[in-house]
Amino acid sequence: MTVPHVPDVHPAWLPPEAFRAAGARRVLVLGDDSALAATVRAEVAGACERHGGAVAAPGEACDLVLALSSAGDLPPAVQALRGPEIGAEGFVLARQDGVTAVLADDPSGLLYGWFEVVRLGEAAFGEARPARAHRPALRRRMLDHWDNIDVHPVMGQVERGYSGGSIFWRDGALRADLTRVRAYGRLLAATGVNAVAVNNVNVHAAEARLLTDRLGEVAAIAAELRPYGIRVHLSVNFASPIALGGLDSADPLDEAVREWWARTTERVYETIPDFGGYVVKADSEGQPGPFAYGRSHADGANMLADALAPHGGVVYWRAFVYNHRQDWRDRSTDRARAAHDHFAPLDGQFRDNAILQVKYGPMDFQTREPVSPVIAAMPATRLAVELQVTQEYTGQQRHVCYLGPMWSEVLGFRFWGPGERTVADVAAGGGLVAVSNVGDDPYWTGHPLAQANLYAFGRLAWSPELDPAAILDEWIGLTFPGGDGLVRDTLHEMMDGSWETYERYTAPLGVGFMVRPGHHYGPDVDGYEYTPWGTYHFADRDGVGVDRTRATGTGYTGQYPAPWSEVYESLAECPDELLLFFHHVPYEHVLQSGVTVIQHIYDSHFAGAEEAAGIRLAWEKLAGSVDPALYARVQERLDEQVRCAQEWRDQVNTYFLRKSGVPDARGRQIC
């Protein structure tokens, strides 16, 4: 094989220059005859050809050795790394006596080891490095594409897609040239991602047929991703036995239905032997599910798990289940409670190859949410935590909003207090999943700087304890190689605090959802307040926030284990950034920061808009220092961010001035 190259598409974090350090050396590869080992050989050969190095033969002197532990005649530099089993996908890296060595037990580890050397650059060939084992903390690291085959009349070709059309399909058919898909797989492998679900969880008629007569399209995509160690998964319609099989039922306990799934799944594996499994959204936002037959979600998931089990596959069953036809007048109904209410009683009832996919927060990918209590409530169930790389509620790739710090907080959260397990520990058996932000845009992610979120997801899925600021610097160094200190420092300055900046000029103190209904872009404080979707802030003349306490509210705080059940219940102890998620308080309530709620709203929105303007001003310093086309794209996005941040500031501040009647203590102009 050859390393994929797609003309007129930005190379993201794998530009040719990123391979200079490794490609300028003599490199020995000791692998096997697998496709992944062939990929490593092709990567090494391409880098050496470009940068003047050489592919060494066994026995020849070399600067870098990439070897499988099963290979014979290992050079001394590699033999010294032998020890306990390295494990699937892992590798050991060291530098001794002028030789950098990577040892792996399987070819995927060899591939990840190669990309670690690339990431280190010249540092991989400098001072001696003691042997260090690198192993993924989470076995399954998956991106879900919400791609449609046909262009949906409301959501377009990619639901919640802000980067153009699908890289898989165009004009209702599989793309004739899938080179870009292979290049995408290469980008993902360089971050540690090892699985992709290729179609929308809201499975429409055309996508449903990917399971049957259009399965060849999935196989073609799998063939492009396989060389980079990425297994393909498919979102399926729970009612497929009716829609595709001609049955009159999709009851998961009906033997005919179970047999249909078993036969269909067997054909899938005959076509794609390394197929990963299914992703299912059921009984959610109009999607069919087991409730129609009086069955539980465990019944539905287990039916598919049983069909997949003989082939080694898994089913990801999404826990995003709630009533989206609520009465806004009924304050006892709380969407935040729904996933826990539905799934916690089912703990221990799911098959071992059924993975419950839980959004990191209880609502819907808001800028700030508490961590979902479902993650702590099901110790006998394999859980995957779901993030959103596509910036649905965080600026839609029109705003700079680096999400690494948010995800790091989530993954490091300890439900049971200091020293106890983290969210990442809980998710180790199921994995980390995120909604992809990739489309056919020349920059992959629409906003070139949004690439950092895709990169950070993979790195945190591999190693959740990594510092998100360090990950950002890795991405900057790889994506802008050769850039001077001005480029590196300016990009870090612009992006490192951008999540907090976005939070400041949008929804305050954890309240969330003050966005335009439907497309979810831009401010609309009451946009969802009187709709059936169940997302409310309950602002009135006296105060704002949702009472979710056990004492006087919906009881949601009781879904958490101690100590957080008590922390969130307490008005005095609840963290400021989540206060309005858990409590309804007067506007003059004094936060732990020492300012009132209403003054915090004013201050944060003025500050956020000013910071957005500062980000644009910082970017202007890089004119002439980065590619002109990329500079222009970012500049255009930053202009929109500044405009939108001002709109957020003015609408939110005006709304709460009119509601509360409390003026800004600083006397600033509010419309």
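## Residue classes and model

Ala, Val, Leu, Ile, Met, Phe, Trp, Tyr, Cys and Pro are counted as nonpolar, Asp, Glu, Lys and Arg as charged, and the others, Gly among them, as polar.

The model is predicted, so local features need pLDDT of at least 70 and side-chain atom pairs count only at pLDDT 80 or more, while totals for chains, interfaces and linings use all residues. Residues are numbered from 1 along each chain as its sequence is written, and side-chain values use heavy atoms, with hydrogens and water left out.

## Cavities

The structure holds nine cavities of 30 Å³ or more (a cavity is a set of points on a 1 Å grid over the protein atoms alone where a 1.4 Å probe fits but cannot get out; its volume is the space filled by probe spheres set on the points). The largest cavity has a volume of about 110 Å³.

The largest cavity is lined by 13 residues, and those closest to its centre are Ala319, Phe320, Ala339, Pro362 and Met363 (a lining residue has an atom within 4 Å of a point). At least two lining residues come from each of α11 (338-343) and β16 (354-359) (helices are DSSP runs of H or I with at least four residues, strands runs of E with at least two). By class, the lining of the largest cavity has nine nonpolar, two polar and two charged residues.

## Helices α5 and α7

Helix α5 (residues 179-189) packs against helix α7 (residues 215-225) at an angle of about 50°, and their axes are 8 Å apart (axes are lines fitted to C-alpha atoms over the stretch in contact, and angles run from 0 to 180 degrees between N-to-C directions). This angle makes α5 oblique to α7 (under 35 degrees is roughly parallel, over 145 roughly antiparallel, 65 to 115 roughly perpendicular, and the rest oblique).

From α5, Val181, Arg182 and Gly185 meet Ile221, Ala223, Glu224 and Leu225 of α7. The residues in this contact (heavy atoms within 4.5 Å) are four nonpolar, one polar and two charged.

## Helices α17 and α21

Helix α17 (residues 485-495) and helix α21 (residues 597-620) pack at about 170°, with axes 9 Å apart. That angle makes α17 roughly antiparallel to α21.

On the α17 side, the contact is made by Thr490, Leu491, Glu493 and Met494; on the α21 side, by Ile615, Ala618 and Trp619. Five of the residues in the contact of α17 with α21 are nonpolar, one is polar and one is charged.

## Backbone features in loops

Most residues other than glycine have a negative phi, and most peptide bonds are trans. Glutamine 396 has a positive phi, near 50°, and lies in the loop between β17 (382-388) and α13 (404-412).

Alanine 562 and proline 563 are joined by a cis peptide bond, with omega about 10°. Proline 563 belongs to the loop between β19 (543-544) and α19 (564-569).

Key
1 Å grid on protein atoms, 1.4 Å probe; cavity = no way out; pocket = protein on both sides within 12 Å on 5 of 7 lines; lining within 4 Å.
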